[in-house]
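Subject: Structure handover

Hello,

Here is the structure I promised to pass on. Please open it beside this note.

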Amino acid sequence: MGQSCLRPLSFLPLRSAICRPFSAASTEFSILCSQGFLKEAFNKFSFLIWDNPSHFSSLLQACIQEKSFSLTKQLHSLIVTSGCFRDKFVSNHLLNAYSKLGQLDTAVSLFDKLPKRNVMSFNILIGGYVQIGDLDSASKLFDEMDERNLATWNAMITGLTQFEFNERALSMFTQMYGLGFLPDAFTLGSVLRGCAGLKDLNKGRQVHGCVLKLGLEGHLIVASSLAHMYMRSGSLREGEIVIMSMPAQTVAAWNTLIAGRAQNGCFEGALELYNLLKIAGFRPDKITFVSVISSCSELATIGQGQQVHSDVIKTGAVSVVAVVSSLISMYSKCGCLDEAQKIFEERKEADIVLWSAMISAYGFHGRGKNAIELFHHMEQEGLAPNHVTLLSLLYACSHSGMKDEGLEFFNLMVEKYNVEPQLVHYTCVVDLLGRAGRLQEAEALIRSMPVKPDGVIWKTLLSACKIHKNADMARSIAEEVLRIDPQDSASYVLLANVQASAKRWRYVSEVRKSMKDRGVKKEPGISWLELKNQVHHFIMGDKSHPQSEEVDVYLKELIEELKLEGYVPDTGSVLHDMDLEEKEYNLVHHSEKLAIAFALMNTPEGVPIRIMKNLRICGDCHMAIKYISKMKNREIIVRDSSRFHHFKDGCCSCGDYW
């Protein structure tokens with residue numbers, strides 16, 4: 001920004017400049033304005049303004065660029081005293097400057113005093129309201145208009161989709177189209193984002209038909225929005241077809257493809273596309289990195305994650321908050337908490353997103369005390385927590401058995417931190433109470449909270465019933481879950497396990513029959529690990545792995561060794577209609593045991609083993625892995641669907657509390 005912008009304008013016309021050709025003078029005037037030299041531009045070329053007041057627009061645009069409210073007021077004063085305020089073009093630019101600078105009260109006052117208003121005047125003020133999220137005032141102004149143009153409709157539709165009033169946005173689009181306004185690329189991009197937000201494939205396809213009629217399928221913004229809509233709505237294939245049909249590929253198009261695969265759970269496919277993007281000669285940007293790093297997090301592929309981290313450093317994206325936050329999460333989810341801490345400590349700015357990511361990382365690893373210490377440190381830095389920070393903190397307390405601390409933070413959410421609890425916060429508190437055995441209190445909280453309960457919060461309480469073997473309460477809570485989601489296999493399995501633990505075999509049979517009648521199938525347990533940049537998957541009963549026979553033999557020998565050390569298979573919760581040998585076989589061949597046996601066979605002694613599982617680890621596997629860690633002198637890190645377990649010397653970091 002030029003130094004002249006820091007001082008009040010001195011409006012002293014230099015008449016000697018009049019001899020310059022007007023076109024050259026106008027060009028130089030525009031350049032000076034765009035570079036922020038407002039005083040020099042005015043003093044040198046004021047004759048242009050008096051000859052044609054529309055040149056005020058360049059000065060006002062420069063005020064927006066330089067974020068200078070004071071200079072805008074000086075120009076406002078000059079526009080009024082010179083009589084140029086009656087010029088609609090000039091007054092609209094002045095209105096736009098106040099609106100873009102966030103001075104909406106001033107803009108509204110100016111709008112009310114305008115001697116001549118046109119569609120542009122209304123559009124500018126509508127845009128100002130949208131900018132601050134005041135959609136009610138924008139809608140009211142929209143309704144007052146006698147005449148509208150496409151920009152008016154675009155401003156409203158964009159505002160509605162921006163704040164996720166997607167149904168209203170689509171309704172307005174239908175109304176606009178019915179009145180004969182043909183949408184442009186800007187309209188269609190916004191409407192397709194609305195369809196994506198709703199995940200409404202049918203409406204998205206209707207908009208696609210409109211795109212084809214208008215011949216805009218080759219427009220980069222429209223095509224990218226169209227692909228994004230299909231992918232968010234679950235149709236990955238249609239989205240990829242749209243991208244592949246684009247006349248020119250861009251990094252933005254690649255990003256849409258990569259994000260689409262990641263959002264649809266195709267994480268390995270996202271990493272594959274990332275490698276193809278680089279081979280094609282494109283330079284990944286911060287959006288690329290966030291999607292790719294998130295994919296590494298989900299797969300827990302530390303080797304590939306480290307390679308992407310190296311690319312982040314090479315491209316200079318290491319200072320981008322979203323990228324750094326993703327890296328912290330990735331290393332944490334890959335079991336490398338020390339590396340996550342290192343990245344956090346090397347951060348270049350104190351952003352709430354980064355603090356929340358690190359607090360969440362501590363919580364995921366059961367380090368509740370560290371999470372609370374970091375939270376207090378964050379407060380000392382003057383940063384106010386948001387709902388994500390407090391959710392991470394409650395989660396950390398829950399997974400560390402810190403009931404009293406968690407309840408205290410929850411009680412302070414509104415009173416001290418001015419954050420209204422959402423359903424996810426209540427779910428954490430139910431988990432806290434449930435793990436502490438306060439099941440009735442947890443149920444009372446669910447039934448009295450001001451937000452409508454979902455299946456997740458009831459299932460959280462059902463899990464607590466399993467921990468505390470409360471078979472009677474489990475039945476009533478399971479009814480609540482299955483009323484919301486009758487196809488949720490996990491709830492049936494939890495209920496069956498609780499009843500099996502209580503040896504209520506008749507109820508177990510009823511649960512199994514109910515699953516069969518409703519066509520509900522148990523989600524198979526899958527465990528995986530990365531070895532030499534290759535991901536190996538294991539599922540009980542699946543013999544597709546090339547070393548499956550050797551793993552079976554090794555695992556059988558390993559279990560016999562564990563039994564000599566005192567391990568006793570926990571067959572109590574296994575279905576009663578199996579003989580003891582079959583029960584033991586099923587327990588032995590749980591996916592995490594297969595993955596650990598494979599790792600022991602294929603990694604050097606002393607090297608930590610990192611295993612990931614899609615479901616919660618069962619009690620028998622948890623006990624067996626403690627024995628394995630001691631007998632084989634290995635640190636074994638298991639990430640299940642809920643948290644991390646660090647097994648070492650026969651103990652687990654969770655303290656048998658999960």
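Below is what I found, region by region.

This is a predicted model: local features need pLDDT of at least 70, side-chain atom pairs count only at pLDDT 80 or more, and totals for chains, interfaces and linings use all residues. Residues are numbered from 1 along each chain as its sequence is written, and side-chain values use heavy atoms, with hydrogens and water left out.

Helix 17

Helices (H or I, at least four residues) and strands (E, at least two) are DSSP runs, numbered from the N terminus. Helix 17 covers residues 286–299. Its 14 residues should span 20 Å at 1.5 Å a residue, and the end C-alpha atoms are 20 Å apart, so the two agree. The expected span is 1.5 Å times one less than the number of residues.

At the start of helix 17, a side-chain oxygen of D285 comes to within 3.1 Å of the backbone nitrogen of I287. Such a polar contact is a pair of N or O atoms within 3.5 Å; within protein, one must be able to donate a hydrogen and the other to accept it, and residues adjacent in sequence count only if both atoms are side-chain atoms.

Just after helix 17, A300 has a positive phi of about 55°.

Positive phi in a loop

Most residues other than glycine have a negative phi. N418 is not a glycine, yet its phi is positive, about 55°. N418 sits in the loop between helix 24 (403–415) and helix 25 (423–435). N418 is exposed, with a relative accessible area of 68%.

Strand 4 (residues 636–639) and strand 5 run antiparallel, joined by four bridges. Two strands pair if DSSP finds at least two bridges between them. I637 stands opposite H646 in strand 5. Strands 4 and 5 form a hairpin with four residues between them.

Strand 5 also runs antiparallel to strand 6, with two bridges. Here F647 faces C652 in strand 6. Their hairpin has two residues between the strands, and D649 in the turn has a positive phi of about 55°. D649 is not a glycine either.

Best wishes

Technical notes
Buried means under 20% relative accessible area, exposed over 50%, partly exposed in between (1.4 Å probe, protein chains only).
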